[in-house]
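Let's walk through this model together, from the overall fold down to single residues.

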Amino acid sequence: MAAELSDGLGRFLLHSTVGMLALVGIGLAYEALVPQSQLSEPPSNGFLSVLGGAVGYVAEIAAQAGWLILPVVVVCLLIRRLYPLAVYLGVVTAGAAILVGAGILLTKALAVSKGGSTLFSVGSVHLVVTCGALLLVFLPVIPGRGKTWTIIGIVVAAAAVEAIRAITDAVSLWAVLGGWLIGLTWLCVSAWAFRRWRRRDGPLPVLHSGLPVEDRRALVPVPVREPLLAGGGRSVLILCGTWLLLACAVIGLGLLITGVLSPVRSFDQAVVEWFAENRTDTWNALATMAGSFGTTGGIIGALIVTGAIFSAATRRGAPTIFLITAVVGETALYLITGVIVGRPRPDVDHLSEGVPPTSSFPSGHVAAAVVFYGGLALLLRAWTRSRLRDLGLILAPLIVLGVLLSRLYWGVHYPSDTIVSLLFATVWVWACWRCFEPARGASREESQPAPGTRRNHSQPTSLQNQK
């Protein structure tokens, strides 16, 4: 396998490297020659302001966690033993990072930018390369006309996001166009080099059908066909009913605390003030470290990593959909409750910079930590055979406790905010676990082939056996 993979690999890397260096030069020339416009103040009100703010928030989260997508897919391809595609995607990812990094450094060093935003730093290169590379890799498993509609849908969605950013003056139009030019050209160069490398495997498909792949069955993200919800419609009703009951209960508790239960408010205020009065540099550092496990970008990034790897290793969709549903359901409940209850943040100095303009009640960070780390601990216990399989059940509560205390220490939540979040998130993640039953197929008997049989690509496997 190593000899087969290395045959022609050097030429692929050489062609890709030469193309990448040429693109850096093209980008610098574009920066120097194209007229640049200065960014103006974004609109302060109206529909465009709201739309621009929403797109800007998504772009900020993407900047924090989106860079993980391609490296994680590389790991998934390695798990499925699709080594040439993993090498291709790794080169594309590294090339995009070098293009952006080298472009920013050279732009500053050579002073070719005349002001405004630079095409190497607005995120357009990463957006185009990420969407395009994933399309090229996974198009071979999309049936028939679905390929065309998939390409159109992704291109339109990406273009719409970029257009909104340009219209609302988040970035300049020239930088967006330049970023797309560099990103698309890098995709074409790397795809051409890869196709030359793999030409010996037989006739090459047309480019809009994707890259050549050795085994399409292994490329299917979830090859094991089974219902995501074990109970079907009944599980959907249970899940929706549980969410509605939790929403009513949390909203009711929030209104009681903020309007009726004055002893609780007095206790809340006393605790928050005690934390604010006993801050030290050491505790500040510890609180920052503990709180990082519950940040929005951190949870999304961890969800990308664990969701993709669980799908690749278990060959099933239930574990990943379980985690996504738990996080999305918790987030929706938190946002709706915050709007209705509208509890102000504690009236103390906030150590956390950029506190979101949402309600203090409940704590979204604590709830997200409970559903994600709790759900991940349950999945690891079900799908691994190591003696450390129960370690997650020990670490998850410690992580949640650290996030909870950090929110109090920073002065952005009251104790009742965090306690209610802890309770409702625990119930919600357990309801999701019961309805999705993501441990299906994790038994030792199912995860190992019978003696004398050959494992195929549709056979389930445990995480431990993948290692």
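**A guided look at the fold**

The protein chain holds 19 helices and 0 strands; helices (H or I, at least four residues) and strands (E, at least two) are DSSP runs, numbered from the N terminus. Please keep in mind that this is a predicted model, where local features need pLDDT of at least 70, side-chain atom pairs count only at pLDDT 80 or more, and totals for chains, interfaces and linings use all residues. Residues are numbered from 1 along each chain as its sequence is written, and side-chain values use heavy atoms, with hydrogens and water left out.

Of the 467 residues in the protein chain, 46% are buried; buried means under 20% relative accessible area, exposed over 50%, and partly exposed in between (1.4 Å probe, protein chains only). The accessible surface of the chain is about 23000 Å², and carbon and sulfur atoms account for 69% of that area. These areas come from the Shrake-Rupley method with a 1.4 Å probe, and for residues only the protein chains shown count as cover. Among contacts (heavy atoms within 4.5 Å) between residues at least 6 apart in sequence, 82% join residues at least 24 apart.

Now to the charged pairs. Side chains of opposite charge can pair when their charged atoms come close. The count here is 5 salt bridges, each being a side-chain nitrogen of Lys or Arg within 4 Å of a carboxyl oxygen of Asp or Glu. In one of them, Asp268 meets Arg343 at 2.9 Å, N to O. Asp268 sits in helix α11 (residues 262–277) and Arg343 in the loop between α14 (318–341) and α15 (364–383), so this bridge ties together parts that are 75 residues apart in sequence. Arg343 also forms a salt bridge with Asp417, at 2.8 Å, N to O. Since Asp417 belongs to helix α17 (residues 415–436), this pair links parts that are 74 residues apart in sequence. Asp417 is buried at 0% relative accessibility, and Arg343 is buried at 6%. Asp268 is buried as well.

Compare this with Arg381 and Asp390, whose closest N and O atoms are 2.8 Å apart in another salt bridge. Arg381 is partly exposed at 36% relative accessible area, and Asp390 is partly exposed at 35%. Shared partners, meanwhile, join Asp268, Arg343 and Asp417 into one network of salt bridges.

Helix α17 also has a helical neighbor to look at. Its axis and that of α10 (residues 233–259) come within 10 Å and cross at roughly 175°; axes are lines fitted to C-alpha atoms, for helices over the stretch in contact, and angles run from 0 to 180 degrees between N-to-C directions. Which way do α10 and α17 run, roughly parallel or roughly antiparallel? The angle makes α10 roughly antiparallel to α17, as angles over 145 degrees count as roughly antiparallel. The residues that meet include Trp243 and Leu246 in α10, and Phe424 and Trp428 in α17.

Finally, visit some backbone details. The peptide bond from Phe361 to Pro362 is cis, with omega near -10°, and Pro362 lies in the loop between α14 and α15. Arg81 has a positive phi near 65° and lies in the loop between α4 and α5 (83–110), where Arg81 is exposed at 63% relative accessibility. Arg315, in the loop between α13 (296–314) and α14, also has a positive phi near 65°, but Arg315 is buried, with a relative accessible area of 7%.

Notes. Parallel < 35°, antiparallel > 145°, perpendicular 65-115°, else oblique.
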